[in-house]
Amino acid sequence: MEGDQRMSENKGSTIEEKLYTIRYKVDDISHLIIKDQQVCVKCETKECNDFCPADVYSWADLTTHVAFENCIECGTCRIGCPDYNIEWVYPKGGHGITYKFG
Ligand code: SF4
Ligand code: SF4
């Protein structure tokens, strides 16, 4: 009964409203590790600042900052860094994002 009601409410949802149904279980420890910040210092392109759709990576104070809690696990950074300088420590059971349907 409750499920039917929720489903009918969702029928008229906008994309923006549906995005709000993504729920995060944020871990305290980053699942994305910059292996060597010195490699980032030497990196000319800083591509991670561009390819990540969730703006997880930013360059400031000679450091690549990682807003790991914003990660939507698209996987691009596994292959996107030209120096393979981003390490995933995943999966971490129960953490990461979950999607709520219906
Ligand atoms: S693309 Fe790779 S090496 Fe370059 S700044 Fe980003 S993480 Fe560092
Ligand atoms: S997996 Fe995707 S969203 Fe997450 S940090 Fe890498 S590029 Fe960004």
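Analyst: Around ligand 1 sit Cys40, Cys43, Lys46, Glu47, Cys48, Thr64, Cys81, Pro82, Asp83, Asn85 and Ile86. A residue is counted here if one of its heavy atoms lies within 4 Å of the ligand. By class, this shell holds six nonpolar, two polar and three charged residues. Nonpolar covers Ala, Val, Leu, Ile, Met, Phe, Trp, Tyr, Cys and Pro; charged covers Asp, Glu, Lys and Arg; the others, Gly among them, are polar.

The model is predicted: local features need pLDDT of at least 70, side-chain atom pairs count only at pLDDT 80 or more, and totals for chains, interfaces and linings use all residues. Residues are numbered from 1 along each chain as its sequence is written, chains are lettered from A and ligands numbered from 1 in the order in which they are written, and side-chain values use heavy atoms, with hydrogens and water left out.

Start with Lys46, one of the shell residues. Lys46 lies in the loop between helix 3 (37-42) and helix 4 (48-51). Helices (H or I, at least four residues) and strands (E, at least two) are DSSP runs, numbered from the N terminus. Phi of Lys46 is positive, about 50°, although the residue is not a glycine. Lys46 is buried, at a relative accessible area of 16%. Buried means under 20%, exposed over 50%, partly exposed in between (1.4 Å probe, protein chains only).

Tyr84 belongs to the loop between helix 5 (76-80) and strand 5 (86-88). Tyr84 also has a positive phi, near 45°. Tyr84 is exposed, with a relative accessible area of 52%.

Leaving aside neighbours within four places in sequence, Tyr57 is in contact (heavy atoms within 4.5 Å) with Thr64 and Ile86, and with others including Leu32, Ile34, Cys48 and Cys77.

Tyr57 and Ile86 are among the members of the largest nonpolar core that touch the most others. Such a core is a set of buried Ala, Val, Leu, Ile, Met, Phe, Trp, Tyr and Cys residues joined through side-chain atoms within 4.5 Å. This one has 14 residues.

Finally, the hairpin. Strand 3 (residues 57-60) and strand 4 (residues 63-66) pair in the antiparallel sense over four bridges; pairing requires at least two bridges found by DSSP. Ala60 has Thr63 as its bridge partner. Two residues separate the strands, and Asp61 takes a positive phi near 55°.
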